[in-house]
There are 2 protein chains.
Amino acid sequence: MKICVVTGGVGGARFLLGVKAFLGWDPTGPAPDPGPDGPADTVTAVVNTADDIRLHGLQICPDLDSCLYTLSGAADTERGWGRQGETWTVSGELAGYGAEAPWFSLGDKDIATHLVRTRMLDAGYPLSAVTAALAGRWRPGVTLLPMSDDRVETHVVVEDPDHDPADGTEPALIALHFQEWWIRHRAGLSPRSITPIGADTATPAPGVLDAIAEADIVLIAPSNPVVSVGTVLAVPGIREALRTTAAPVVGMSPLIGGRPVRGHADACLAAIGVDSTAEAVGRHYGARSSGQGGRDAAGDEVGGILDAFLIAEEDSAEIPGVQVVRAPLLMTDPNATAAMVARCLDAVDVRR
Amino acid sequence: MKICVVTGGVGGARFLLGVKAFLGWDPTGPAPDPGPDGPADTVTAVVNTADDIRLHGLQICPDLDSCLYTLSGAADTERGWGRQGETWTVSGELAGYGAEAPWFSLGDKDIATHLVRTRMLDAGYPLSAVTAALAGRWRPGVTLLPMSDDRVETHVVVEDPDHDPADGTEPALIALHFQEWWIRHRAGLSPRSITPIGADTATPAPGVLDAIAEADIVLIAPSNPVVSVGTVLAVPGIREALRTTAAPVVGMSPLIGGRPVRGHADACLAAIGVDSTAEAVGRHYGARSSGQGGRDAAGDEVGGILDAFLIAEEDSAEIPGVQVVRAPLLMTDPNATAAMVARCLDAVDVRR
């Protein structure tokens, strides 16, 4: 069967481990050798690239790299990001030149990935081709497609944190790159808006629309609904493909008991006026059936994407037009996550 | 006094340690604080950049970096190049991607230098400004000027090493980047020609001509006469500045007993038809007095640059128009090298 997953980085990569486990694959190994008639199963991930950032002249794609490293067993699962056995010599030297972005740690192994990627991009290869080339080393099993080959960058507008409330003026509004807001400020400055700059004129990367159209089931990973799934949906054509594919589309709540399992989904949801509840997220995604909600980041009704939605056992939700299923949503290991995948298929009556 | 030195990389940097020692400075420290009327002494080095190479999208300037690292005590003097306490994680990972140039080792600390340099160059800063910025960290004491802000790259034409002599055809001629010939092939393929590509249309970097014109003495370091000193002389305007400066110009033989102390100067000299003897090198540089020799790499008489020439005690040379002085030329330590510098000044009757 063909499974298509819309996903972000660390959490999404962990979800993909479960998809591989569900198919009986080694979660951190390559896909099984195809039979004489081709592969029995395929997994394609449409990965958020709006977190990407250029630092030190290097193009960094945190979500794609989290998927590459996690799905091949090269990730540091203790630290939660980056490479196992990482070293930090280059960063230390950049600091020696006063040229470091101290809030964004770049390991030496990671830098090699960015050097290879940046060189290929500068040579004119699109990001999708670069990602395929990098995957040639890591063999993640999953076909990883960037949502777009075009440059999209999430920017976050906040009040100037250096403003002195005593001086009687209104604080200036400043735009931060998503990573600066997320990492440097730990999402601690209340965002006035979160916008994937460039998304409106981006086109889906080659293979993205086909993967959605040809899937037997589409899964929306329990990634951040605003800055991961939301930015993918902001690329024109992708939402429409999800609304029109013959495959059922099943989403998952990134919240358990109204709180994000990791990351700062609540701060992001607040920025677009969505409550941090499973029900509010489900209604924000909305039902594929017409006239049943589904909103973009600006709050405009744009048509929903869900047939079914998994929520945590401690939550409850009513989402017009969407079948809501309670299930354990903690991705403690690939087998637990595989059980989530099984529940997704059950919910829309898809059999492997 | 103002000392101007024309120089290459590792050997040239070692010579500059001796110039600093001659002035009573800490060889690996910054220049002394200037007095109320400015610095008592200055040293300016015009550094070869024709060895520069772009690898992995990084602009690498081996000779400038050898000077920066050596003159600040950051160089690995055991290995003879690169940084002390270097690590090699990035290179190992590049190899994992099949993206390494395995013949050109790039340490992690070194890569940070190249990242900073490349980012500044890509932002539009000329190499001379970038070098000054990097020197702000290292404080080498010596003002390091690239010979040119323009791109100049020495290419070496050799017979195709993969040619099979048994097949009856003539071997194809292929052009290698200097570094590929020097390091990968250890200068072991007989060069048909050695050409600093781009030198003919390059202009001297800001400060180069003034440093030569305003010097009290100009020293030609015992660097490679072809691929270090020769490429500097190939930049239009520099040879003329050396021929017309009021300062005396003193060169040094890079050969002792007819053999290079380090590197492959003999192979380079052979490629331009110059014998590996102190006399032949001295005649190749030629006398500043008119009609007394001085040739370019093509062998054309273009006017000489020397008033005096130091040769090793075991050598002898007769160079029309040039005062030849025998002296110990082994740069065993900064003090031994300082004695060479003193002999240079004595030879042309310059007093400090």
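A salt bridge here is a side-chain nitrogen of Lys or Arg within 4 Å of a carboxyl oxygen of Asp or Glu. A search of the whole structure finds 28 of them over all chains. The structure is a predicted model, in which local features need pLDDT of at least 70 and side-chain atom pairs count only at pLDDT 80 or more, while totals for chains, interfaces and linings use all residues. Side-chain values use heavy atoms, without hydrogens and water; residues are numbered from 1 along each chain as its sequence is written, with chains lettered from A and ligands numbered from 1 in the order in which they are written.

Start with the relation between the two chains.

Now the interface. Contact means heavy atoms within 4.5 Å. By that rule, 24 residues of chain A touch 24 residues of chain B. Of the interface residues of chain A, 100% are also interface residues in chain B, so the copies meet through the same surface. Buried area is the accessible area (1.4 Å probe) that two parts lose on being put together, summed over both. For chain A and chain B it comes to about 2,200 Å², with 66% of it on carbon and sulfur atoms.

Next, the polar side of the interface. A polar contact is a pair of N or O atoms within 3.5 Å; within protein, one must be able to donate a hydrogen and the other to accept it, and residues adjacent in sequence count only if both atoms are side-chain atoms. Between chain A and chain B, 14 residue pairs are in polar contact, both residues at pLDDT 80 or more. Which elements give two or more residues to the side of chain A that touches chain B? They are α3 (89-96), α4 (108-122) and α5 (127-138) of chain A. Helices (H or I, at least four residues) and strands (E, at least two) are DSSP runs, numbered from the N terminus. α4(A) gives the most to this side, with eight residues. The residues on this side of chain A divide into 12 nonpolar, six polar and six charged.

Four salt bridges run between chain A and chain B. One of them joins Arg83(B) to Glu93(A), with the closest N and O atoms 2.7 Å apart.

Other salt bridges lie within a chain. Arg117(A) pairs with Asp65(A), their closest N and O atoms 2.4 Å apart. This pair links distant parts of the chain: Arg117(A) sits in helix α4 of chain A and Asp65(A) in helix α2 of chain A, 52 residues apart. Are these two residues buried or exposed? Both Arg117(A) and Asp65(A) are buried. Buried means under 20% relative accessible area, exposed over 50%, and partly exposed in between (1.4 Å probe, protein chains only). Asp349(A) and Arg351(A) also form a salt bridge, at 3.1 Å from N to O, but both of these residues are exposed.

In chain B, the side chains of Asp41(B) and Arg352(B) meet at 2.4 Å, N to O, in a salt bridge. Asp41(B) lies in the loop between α1 (10-22) and β2 (42-47) of chain B, and Arg352(B) in the segment after α12 (334-347) of chain B, so the pair ties together parts 311 residues apart in sequence. Asp41(B) is buried at 11% relative accessible area, whereas Arg352(B) is exposed at 56%. Elsewhere, salt bridges that share partners join Arg83(A), Arg137(A) and Glu93(B) into one network.

Two further sites are in chain A. Thr70(A) belongs to helix α2 (residues 62-71) of chain A. It is buried, with a relative accessible area of 16%. Leaving aside neighbours within four places in sequence, Thr70(A) is in contact with Ala13(A), Leu17(A), Thr28(A) and Ala75(A).

Ala187(A) has a positive phi of about 55°, although it is not a glycine. Ala187(A) is placed in the loop between α6 (178-184) and β8 (191-197) of chain A. At 10% relative accessibility, Ala187(A) counts as buried.

Conventions:
Ala, Val, Leu, Ile, Met, Phe, Trp, Tyr, Cys and Pro count as nonpolar, Asp, Glu, Lys and Arg as charged, and the others, Gly among them, as polar.
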